[in-house]
Amino acid sequence: MQTTSAPTLATRVLTILLALGAGLIGTALWAHGGDAKTPGELAVRYRHALYTAIGWNIGQMRGLLDAKETDFDRARFRRHAEHVAALAPLLPEAFPADSNLPGKTAAKPAVWSDSADFTQRLQTFASSAQSLAQLAASGSQTQLGPAFKDLTGQCKGCHDKYRQEE
């Protein structure tokens, strides 16, 4: 008789985070997508919701890293890192070809004309987010700083190449 093992705590947490993320994104789309008329416009709304959630969590981590070492809350930092790690893999699907809508998105046309590089950058970001979340489980504030800087440096590199000033 074959037995199945119970899901690990990490698997359960990731499942909960993905469900919460999907719920937040769905709520944002529902609340703000009423004027979207095309699938491309909905994709723009979807990616704005993703980036808003990712940005908020990165801001929270930045604030925690700026705290005195005695005040550093590793559990909170880990939670925010796990949220980013759960949301980052969703980014590639938020850029379908029909969402290249000048005036409705800050994405430059190069997102679609150089999609191989853009997609690679998103995958690297997701991998770095996952690494940061894993390090957050046991790393000190001093150890997390460089990994966080790497993650945010990837944000800047991608924005510099693929995002227009708003």
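Modeller: Leaving out residues up to four places away in sequence, S128 touches D150, L151 and Q154, where contact means heavy atoms within 4.5 Å. This is a predicted model: local features need pLDDT of at least 70 and side-chain atom pairs count only at pLDDT 80 or more, while totals for chains, interfaces and linings use all residues. Residues are numbered from 1 along each chain as its sequence is written, and side-chain values use heavy atoms, with hydrogens and water left out.

Colleague: Which side chains make a polar contact with the side chain of S128?

Modeller: D150, at 3.3 Å, and Q154, at 2.6 Å. A polar contact is a pair of N or O atoms within 3.5 Å; within protein, one must be able to donate a hydrogen and the other to accept it, and residues adjacent in sequence count only if both atoms are side-chain atoms.

Colleague: Is S128 buried or exposed?

Modeller: Buried, at a relative accessible area of 13%; the cut-off for buried is under 20%, with a 1.4 Å probe and protein chains only.

Colleague: Which helix is S128 in?

Modeller: S128 is in helix 5; helices are DSSP runs of H or I, at least four residues, numbered from the N terminus.

Colleague: At what angle do helix 5 and helix 6 pack?

Modeller: About 165°, with the axes of helix 5 (residues 115–136) and helix 6 (residues 141–162) 10 Å apart. That makes helix 5 roughly antiparallel to helix 6, a label for angles over 145 degrees. Axes are lines fitted to C-alpha atoms over the stretch in contact, and angles run from 0 to 180 degrees between N-to-C directions.

How values were computed: Helix = DSSP H or I, 4+ residues; strand = E, 2+ residues; numbered from the N terminus. Parallel < 35°, antiparallel > 145°, perpendicular 65-115°, else oblique. Buried < 20%, exposed > 50% of the residue type's maximum accessible area, 1.4 Å probe, protein only.
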